[in-house]
Amino acid sequence: MTVYFIGAGPGAADLLTLRADRLIRSCPVCLYAGSIVPEEVLAGVPEGAEVINTARMPLDEITTIIARADAEGKDVARLQSGDPSVYSALAEQARRLTELGISYEVVPGVPSFAATAAALGHELTVPTVGQTVILTRVSGRASAMPAGEDLATLGASRATLCIHLAAHDIERVVSELVPNYGSDCPVAVVAFASRPEETIIRGTLNDIAAAVQQAGITRTAMIVVGRVLGAEGFPDSYLYSDDRPRDEHGRTIPCMH
């Protein structure tokens with residue numbers, strides 16, 4: 001018996017990986033995290049499967065359900081939104097399964113920041129403008145941020161920020177970033193990326209808060225901040241440069257010094 005922590009992606013069912021789809025269609029027990037996993041993703045569960053919404057369950061109750069499935073020899077599909085490597089509470093669940101001797105496997109999924117970039121039609125790394133992307137969030141009910149990971153500190157890098165779980169606190173986000181990025185810095189907020197109700201708000205740190213509030217966006221949204229969103233006149237990347245030495249297969253030849 002195995003528990004599969006499956007990255008269910010940002011919402012669109014056709015963004016599931018082939019492996020995720022296969023496991024969803026084969027596991028007799030499926031646990032999913034409420035509305036953040038759309039019904040379309042659950043359409044492939046096998047007939048007669050036990051499908052459980054864990055949105056309002058404490059972790060110990062979820063663990064009890066998994067332990068019961070383990071005792072019955074049933075594989076479990078544990079659906080996580082986006083990719084399990086980021087903000088999925090995987091660590092807490094895996095710790096409990098390890099203590100119980102229950103085996104598990106992690107199945108990657110399309111992360112929300114990738115779906116957001118796709119919705120914007122934009123790369124998050126642009127030559128000479130921005131080559132670093134920071135995935136972060138703000139302190140809230142879920143948990144406090146560790147020391148040194150506040151937006152003011154991270155913003156000192158002026159890297160591209162992808163801020164999760166913070167649309168409800170957009171004014172605070174703006175106030176903490178303006179000193180480092182400037183009020184004219186481009187910002188985009190994407191709610192429900194990849195879903196039919198996808199909404200995109202573009203602006204700057206000067207006007208984004210009012211626009212987001214007017215649109216009524218408070219959850220299931222990503223805030224992207226950085227000069228890459230408005231970059232123009234940058235050089236082509238080295239990948240496509242005529243100066244890049246290549247072998248007969250097109251692979252880069254390392255420079256010898």
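Tutor: What follows covers a helix pair and then a sheet. This is a predicted model, where local features need pLDDT of at least 70, side-chain atom pairs count only at pLDDT 80 or more, and totals for chains, interfaces and linings use all residues. Residues are numbered from 1 along each chain as its sequence is written, and side-chain values use heavy atoms, with hydrogens and water left out.

Student: At what angle do helix 3 and helix 4 pack?

Tutor: About 45 degrees, with the axes 11 Å apart, for helix 3 (residues 59-71) and helix 4 (residues 90-100). Axes are lines fitted to C-alpha atoms, for helices over the stretch in contact, and angles run from 0 to 180 degrees between N-to-C directions. Helices (H or I, at least four residues) and strands (E, at least two) are DSSP runs, numbered from the N terminus.

Student: Is Thr-63 buried or exposed?

Tutor: Thr-63, in helix 3, is buried, at a relative accessible area of 10%. Buried means under 20%, exposed over 50%, partly exposed in between (1.4 Å probe, protein chains only).

Student: Which residues does Thr-63 touch?

Tutor: Arg-96 and Leu-100, leaving aside residues up to four places away in sequence; contact means heavy atoms within 4.5 Å.

Student: How many bridges join strand 8 and strand 9?

Tutor: Six, and strand 8 (residues 186-191) pairs with strand 9 in the antiparallel sense. Two strands pair if DSSP finds at least two bridges between them.
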